[in-house]
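Subject: Structure handover

Hi there,

Here is the structure I promised to pass on to you.

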Amino acid sequence: MSNKIANKTAIFIMLLAITAAQIGLSFVNLTPMGNILAALLLAASEAILVGLFFMGLNDEKRLIKITALFPFVLFCIMNGAVVMDILVFMKH
Amino acid sequence: MEHTVAKVETEERLENVSFGMWLFIASEIMFFTAFFAMYIIMRNAHPELSHPHQLNWVIAGINTFILVISSLFMTNAVNASKEGNGSRTSNNLLVTAGCGLAFLALKAVEYSGEIKEGLLPSTNLFYSCYYTMTGFHGLHIFIGVVVLLILAMRARRGDFTKTYNSPVEVCGLYWSLVEVVWFFLFPVLYLV
């Protein structure tokens, strides 16, 4: 039990550290699209941490894991397509 | 003479409840995905409307901290309900609901500041997106707070035992969902 609490505290600290990194990165100019992609990547890492450890996906059965993964795949496809479309549009 | 029978959940029912909640979470993620796609398209079409840190990112940062803390209390509540500890479950649920209320109060402060400056949903496309996305997220937080308060009352009454605690567990999943959505809203709207 104490091990579990230690894990949760470690995840809590990691989430705060990632949020701090997001705030710090927002003051660095990586081009507008670069900044958005960096922010989305950091947000995705936070979502993965919460999903695995706070929502208990780590210990769930395969069906639940697939159900949880499915919308994230759609999220990546949809937003990836939008970003690609914008990049192609900017090139021309 | 009244007889109270402790509820017992079968393994199959627990799995079904959990699966149903995960399906709901999947549909919610897709709901917000459409908003993010809309925002990225808007931002590319009208880059002049938004620039980094134009919204009150300090309040939003504090709200992120509040949500992360609340998830710790929510997991404590889930663990306590699995142990059949009603008072500990109730206390943790109440603290989580308090964090949700604090989040909503800060959101109201943020909104009132913007409204005072005349920045309304009708101001431009950026503010339409901002109010829509944060408004729907706030509505989810509000619904979560109501459910948390009801569950806290039930936990205090001793409704949850070692063999029946799925409502608390499912509520924990929902609360994590609103936290995950905020993790995306915060940087995309407030920081970059």
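Helix 1 of chain B gives the most to the lining of the largest pocket, with 8 residues. Everything here comes from a predicted model, in which local features need pLDDT of at least 70, side-chain atom pairs count only at pLDDT 80 or more, and totals for chains, interfaces and linings use all residues. Residues are numbered from 1 along each chain as its sequence is written, chains are lettered from A and ligands numbered from 1 in the order in which they are written, and side-chain values use heavy atoms, with hydrogens and water left out.

That largest pocket holds about 930 Å³ of space. Of its 35 lining residues, M55(A), G56(A), E60(A), K82(B) and E169(B) are the closest to the centre. A pocket, on a 1 Å grid over the protein atoms alone, is an open set of points where a 1.4 Å probe fits, with protein on both sides within 12 Å along at least five of seven lines; lining residues have an atom within 4 Å of a point. Volume is the space filled by probe spheres set on the points, which are joined across faces, edges and corners. Helices are DSSP runs (H or I, at least four residues), numbered from the N terminus.

By class, the lining of the largest pocket has 14 nonpolar, 12 polar and 9 charged residues. Here Ala, Val, Leu, Ile, Met, Phe, Trp, Tyr, Cys and Pro count as nonpolar, Asp, Glu, Lys and Arg as charged, and the others, Gly among them, as polar.

The second largest pocket has about 580 Å³ of space. Its lining has 28 residues, and A44(A), A47(A), I48(A), F72(A) and C76(A) are the closest to its centre. Helix 3 of chain A supplies the largest share of this lining, 9 residues. The classes here are 22 nonpolar, 5 polar and 1 charged.

Chain B has 5 helices and 0 strands, and its C-alpha trace spans about 70 × 30 × 25 Å along the principal axes. Of its 192 residues, 52% count as buried (under 20% relative accessible area; exposed is over 50%, partly exposed in between, with a 1.4 Å probe and protein chains only). I143(B) lies in helix 4 of chain B. Why does I143(B) count as partly exposed? Because its relative accessible area is 41%.

Happy browsing!

Key: Helix = DSSP H or I, 4+ residues; strand = E, 2+ residues; numbered from the N terminus.
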